[in-house]
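Here is a short report on how two protein chains meet. Have the structure open while you read.

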Amino acid sequence: MSTNRHDAVSALLGEYALGQLSTQERRDVEEHVRDCSECASELRELTAVMHGLARAPESVVPPLHLKQRVLGTLAHEPGAHAPRIAHRSVFASRTWLAVAASLIVVLGSALFLTVQRQRQTTDEFRRAQNELSELRARLDDFSGQTDLALSILTAGDMKRIELAGSDAWRASSARAYWSPSRGLLLVADQLPVPPPGRIYQVWVIGGTTPVSAGLLGSQRPGRGMLVAPPPSALAPGTVTVAVTDEPPGGLPAPSGSIRLAGSL
Amino acid sequence: MSRLAAGDMEAAAELYDRYAGQILALARRILRNDGDAEDVVQEVFSQVWRNARSFESHRGSVGAWLLVIARTRSIDRLRARQARPDNVAEAYPESIADRSVPVPDQLLSEEQAARIRQALVALPDAQRTALELAYYEGLTQSEIAQRLTEPLGTVKTRIRTALMTLRQRLRS
């Protein structure tokens, strides 16, 4: 190892760390560094400096929709699944599309996807951006719930339950994502307006005892959503999720008719 | 990382929570555009997801690796936007970025990162500008010399000096 070579490479270490060298130059540097502890040590320091430069811009709080977007995209990738799969893996099949779709629809992020797909005219884009800011403001109300919703969807013990109704609720579509460890996410579409002076309440029934999971929130007429931690004191047995209409504020035990229900 | 390689979505969520903010900040700094920066965050996590298996723990800290990828992706995108040809033979395709870019063993502590941040601001303007063009715009020494209409030798010296200063700040 000549001193010439050492000096030559040593002078290039900064450029190497900065990624400014060509492939061949990189190879030359790497070959020399393998045998030269002095250069190896300097390169370690320079690498740490590079990392410091990466950290110089102060960390920010990412916008909510970004997490959904990232995790949603990963879930489409081959191999994606929730840990410790109990029975069937929701994520291994195309049902994830339905999961993501209903969550996205209810949270109003469909607009976001559209914005990402087509950045056409500036006007369209600007209009979409305005709607997006409006949505984000509404989403902020749900902010605590978005994280819980995502954690429910990614839980290993999560099961999907389709709910169905009759009469005026026959056309409603509702899906519950139930994780005994994380909680309940329920999304409903095409819900009729509840009878006058009534609101929708969600129940989780273990065996035969109903426990309230909370009141169904609605952002738009016809749409309902609930995100809640697992209700306490749930009796063991087959889980049924049901929606009834109740007086405003709800009740500790169901009094109204069951409008939607589904079981595991 | 092994959980990620096994396809564990929960591990992905944890990784996101821990590092997305930093990745987004770096991408925004490089691209000066929120939308593009968010695209980069997406790309970084997709790449990590796909390559989790090939990331061996001896290569260094995961967080540091994520930032390396973030910088690479951001600069690629910046080049595309500026319609700037890649003078460094080729852009880093995923497999090369995995193998050839050095990754530190450990993340810098908050305190160390703050020291670098301050040291960067405290550099003489000429040195800081040259270094920032190299790091945050991915320009080669020649490109920097052209951009600043300075001799190449001057640019090299400025960057070398700046790097030496920053190295010393980390040591103390």
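What follows goes from the interface as a whole to its helices and salt bridges.

## Ground rules

This is a predicted model, where local features need pLDDT of at least 70, side-chain atom pairs count only at pLDDT 80 or more, and totals for chains, interfaces and linings use all residues. Residues are numbered from 1 along each chain as its sequence is written, chains are lettered from A and ligands numbered from 1 in the order in which they are written, and side-chain values use heavy atoms, with hydrogens and water left out.

## The interface overall

Chain A puts 52 residues into the contact and chain B puts in 62 residues; contact here means heavy atoms within 4.5 Å. Together they bury about 5,100 Å², with carbon and sulfur atoms giving 59% of that. Buried area is the accessible area (1.4 Å probe) that two parts lose on being put together, summed over both. On the chain A side, Q20(A), L53(A) and R55(A) supply 14% of the area buried against chain B, more than any other three residues.

There are also 23 residue pairs in polar contact across the interface, both residues at pLDDT 80 or more. A polar contact is a pair of N or O atoms within 3.5 Å; within protein, one must be able to donate a hydrogen and the other to accept it, and residues adjacent in sequence count only if both atoms are side-chain atoms. Among the elements that give two or more residues to chain A's side are α1 (3-18), α2 (23-35) and α3 (37-55), and α3(A) gives the most, with 12 residues. Helices (H or I, at least four residues) and strands (E, at least two) are DSSP runs, numbered from the N terminus.

## What α3(A) packs against

One partner is α6(B), residues 110-122: the two axes come within 9 Å and cross at roughly 80°, which makes the helices roughly perpendicular (65 to 115 degrees). Axes are lines fitted to C-alpha atoms, for helices over the stretch in contact, and angles run from 0 to 180 degrees between N-to-C directions. Here G52(A), L53(A) and R55(A) meet E110(B), A113(B), I116(B), R117(B) and L120(B).

α9(B), residues 152-171, also packs on α3(A), at about 90° with the axes 9 Å apart, so α3(A) is roughly perpendicular to α9(B). The α3(A) residues in this contact include L46(A), V49(A) and L53(A), while L163(B), L166(B) and L170(B) are among those from α9(B).

## Salt bridges

Within chain A, E162(A) and R175(A) pair up at 2.8 Å, N to O. That bridge links strand β1 (residues 159-165) to strand β2 (residues 173-179), its two residues being 13 residues apart.

Technical notes
Parallel < 35°, antiparallel > 145°, perpendicular 65-115°, else oblique. Salt bridge = Lys/Arg side-chain N within 4 Å of Asp/Glu carboxyl O.
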